[in-house]
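Good morning, and thank you for coming. Please keep the model in view as I speak.

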Amino acid sequence: MFLTGHPAGTNRLAGSGITRLNAPASADISTLGRLVVNPVLMPGMRAGLAHIRNAGKGFTKPEPQPRTVQSPIEDDGTGAPVTVASTATATGKKITQSLTDTTSPTGKEFFSPALATPARPAIRTPRADDPRAHDPVDTDRWCSVPRNDVKSLALQPTPNQVEWAVDMAVRGELRAKWIKQGGWRDQSGLGTVDPQGLFPAPMLNGKTGARIPAQVLLGVLAQESNLWQAESGAIPGQMGNPLAATAGFYGHKGDTSEAYWKIHWENSDCGYGVGQVTDGMRMKGHEKKGETALSPEKQRAVALDHTVNIAASMYILADKWNELHEPGQTITVNNDDPSKPENWFAALWNYNLGFNPKSKASENHGQWGLGWYNNPANPLYPPDRDPFMSVPTDAAHPERWPYEEKVMGWAAWSIDTGYSYATSGRQDWPGEDGYATAGFRPAWWTSPAERNNVKPPLDKFCTTANDCEVSNPPRCEVDHIPDCDWHHWWHEQNATWKKLCDTDCGHENIKYETLIAPPGRGYRLQYGSPDCNAAPAGALIVESTPDNTQSYSDCKPSADNGHFQFAFNPDPAATGPGLGQYEAKGDLYQIGGGHGGQYWYSHTRDIHHLGGDSGLMTIKGTWTLDKSVSWARVMVHLPDTGAQTRQALYVIGGSDSISPGRIVEQRASRWVSLGAFHFTGTPTVTLTNATDDGTADEDVAWDAVAFQPLPGKPNHMVVGMGDSYSSGEGASDPGGDDYYPESDYVSKSGGDKVRDDCHRSKYAWTRRAVLPGEQLSTGELDDNWSARMDYHLVACSGARHYNILNTPQAGELPQIKQGYLDQNTTLVALSIGGNDMAFADIIKKCITSITDVCQNGSIKNRNPDTGEKAEGDTPALKDWLPSWAHDTIRPRLVKTLNALHEKAPHAKIVLMGYPRLLEHNGQCVTGIGTEEAPWLNDMGDLVATEMKGAVDDADAQNQANAVFADPRSAFAGQAICGDPETVHGIVLTGHAKADTKPVSMKSFHPKISGTANYAKAFEAALR
């Protein structure tokens, strides 16, 4: 036995068998006490927990006051990856490990890493004769209201809307006269809704005029759904699929991904919405035993409308109270006053687990009462646990508390929703006045001690009456003992742990005391607002929804110029009764955002995660243009949520391109061009969720596609490639605002898994140059979708030659494999070789050398084809670099130029060099000596010589039509320490979102003024 925490006073442990560990009280201890693991919060749990520390204190006004609209403040996008921090107790050594998620039912390979790997999936294709293979709706379902039906979307309510509905419902006032009718309700086909007309306010047995405390019902809703009516991908204010827990909707079960995703309709729970209402929610003809299906109208209202769902949830909760107050089977708590939250403990136990009525005792060995599983004394739950949510990190370990204790915890401390909204519906953004993410007002107590006593002592439901001893409680579930639970069902008439409940129990805390209309729908969303703007003038749009689909937003329904169709692969083994064949539909979601107010998303998968070309979880979506075009630019719209993958492969059909597949980094949040194509057949675009890096934890989105007819082939079809000098690293205002968002991103979870620091700038030199015959720069032509220009920038900061050819970088595929080079490409511009030459390592060496000049020192050897460190150090840099540049790197640059020529045989290839970095002997850079600066500049000249030599070699070998562009004269006098200084020295401030600290990646890269110098050198090379 181990003692953790920091107890006051002197602990006498000698001879007690208890070992003291220097560890927090909340830490997890290994079996032998050799490892102490700190509590871990997943990112969604971590976000905003501090906002509820003072919940329940200081609420004095019945409604929040109006807030002043302020300018949005963007989240900086930084955040630590999910890690497990632990300590080896014997040595005190700190250990940090990355967290690999093997438990998520979204489809990671296995729920346990010990399970065997499945065989490679068989080839499967959609059945042409089965309409289910193309319909996102599960037409063979047993639950009443479908998922993925464009006519059946639910509004994701704001926390205020949920709390208002509860405050009204508990007083019997959740009626049509207060509801804002029309709008999204009409678009969903609900018509006029009258929640407590459909589900009247229930009467409670035991006390005349009594009602459910608002915080008890809010606690239930927090536990059941996080206050969500729609699926979790929908932000409050957006529309989405009704929240029907995927496992419950499809009857999922199983220990591996493959087993989990199999559909078992007969196991469908069919819980819907904020209260996860199940009663009566199966389709008629598929009811559970003893169930009567609600009318289709009621089922639809429960699934789509949070107010109706809350009315139904309250009705069910009251029924659980009343069941425990029937004559002959009464089970009460404390003084049984239903206005006190604690007194709902038994009813909540019943709400979750169900009740074994006395009338059926003969069928249950003569026993009746509340089941053992949720008994607080069950050793499934740590006996020394504190009340749930008394510490915010409790939310990371909900399995440590029985259901009713979790509801009590939410009622006492509230839930952090991660979002903040004014009563009007206006979303507050982080950093703004009034930003607070507590989901609702918690109940109040007369003292913190009484709030903590919301959890009963273990001996209150563990007595001789149910054959239970607190010191040795039954281990039915822990030891998997059959025929055990019924011995310990609880059916005593009363359990009291607060004798003065009138004062010591909790008190309801109504927020919306005045009977008023509901708070507004969420708007001014920081992310997720629909984009109602059309594509560029003259573009032919093809949406991902049928014509005239309701947008549930300000975007007007419209007809488009084509059609969209999904394709799902069937499971040929799923042919028995109650089985479903199209498993991938369970990982498809629709959101009321994106272009026109609706788009779809799923999760990326490789063959090891049931994906690949024919995987059971592979989803294919195809847009088809119903008009003929010759030359056209193809564009895709990317929403600002639900689009994360950096490896979305769009395949263009019907064109003569030798490279029809184009890779897109989907975090772009705008219209993105796939390129200009010459169509000789029916124009189509196909996207699947199959990616090389797909582990089912990044989103891929299907939004709108547009075809912009062109008068002919664009005059210039340009691709910018290469390293940081081509991407525009450093060419941005502080904060990285000038980098395209998909190339400057760090998630709050996942670390490098979802980090992109390619830093492609709007001021990259390929965008600033004016090409021959043009009046405007490449960037201006590109930004205006000019018919004269087709431009793509795939360069990435830090790239080496192998990142162009065959090695992914920052989650992006190798640049040459992103598909933008073909027989129509006219110009390829790139800088590459500086990182291969090890210039970053050399500069670092020069800055940090203390005892000698850096050219006499050495750096670690590296494998030139992987960048990995190799054994040993280089010879002295002054001797090593010339041979490394000539013998090792130059041939690899030739190989790269030849590969580009093969992919774009008619393109001119411009290999851009690098400027001399230092003026005035680099004396403005700390650490650079007067002997080192000239040597560094000389080595820059050496690199230029070898780069030009590589161009000559490539031209001689393959007539590659390559030229070398030399920027040194354009930067003369303007490098680091120059006047003006157009190249950054060491940068310690103004970091981008995905940056290094303390020294920024901008260091030793051209400023915005420097890329103008580069553009001049580029233009000169094209003359």
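I begin with K340, which is buried yet has no salt bridge; the nearest side chain of opposite charge, D337, is 5.1 Å away. Buried means under 20% relative accessible area, exposed means over 50%, and partly exposed is in between, with a 1.4 Å probe and protein chains only. As for charge, Lys and Arg count as positive and Asp and Glu as negative, while His and the chain ends are not counted. A salt bridge is a side-chain nitrogen of Lys or Arg within 4 Å of a carboxyl oxygen of Asp or Glu.

This is a predicted model, in which local features need pLDDT of at least 70 and side-chain atom pairs count only at pLDDT 80 or more, while totals for chains, interfaces and linings use all residues. Residues are numbered from 1 along each chain as its sequence is written, and side-chain values use heavy atoms, with hydrogens and water left out.

Where does K340 lie? Its place is the loop between β10 (332-333) and α10 (345-353). Helices (H or I, at least four residues) and strands (E, at least two) are DSSP runs, numbered from the N terminus. What does the side chain of K340 meet in a polar contact? The partner is the side chain of H507, at 3.2 Å. A polar contact is a pair of N or O atoms within 3.5 Å; within protein, one must be able to donate a hydrogen and the other to accept it, and residues adjacent in sequence count only if both atoms are side-chain atoms. Leaving aside residues up to four places away in sequence, K340 touches P213, C501, D502, C505, G506 and H507. Contact here means heavy atoms within 4.5 Å.

A disulfide joins C501 to C505, with the sulfur atoms 2.1 Å apart. The cut-off for a disulfide is a pair of cysteine sulfur atoms within 2.5 Å. C501 is buried, with a relative accessible area of 1%, and C505 is buried at 0%. By this rule the count comes to eight disulfides. Another of them links C143 and C270, whose sulfur atoms are 2.0 Å apart. C143 lies in the loop between β6 (94-98) and β7 (154-155) and C270 in the loop between β9 (263-264) and α8 (296-304), so the pair ties together parts that are 127 residues apart in sequence.

Let us return to charge. A search of the whole structure finds 38 salt bridges. One of them is between D571 and K262, at 3.1 Å from N to O. This pair links distant parts of the chain, 309 residues apart. D571 is buried, with a relative accessible area of 5%, whereas K262 is partly exposed at 29%.

A further salt bridge pairs R968 with D941, the closest N and O atoms being 2.9 Å apart. R968 is in the loop between β36 (962-965) and α21 (1008-1022), and D941 is in helix α20.

Helix α20 has 27 residues (932-958). The expected span of a helix is 1.5 Å times one less than its number of residues. For α20 that gives 39 Å, and the end C-alpha atoms are 39 Å apart, which agrees.

Finally, the whole chain. Its secondary structure comes to 21 helices and 36 strands, and of its 1023 residues, 57% count as buried.
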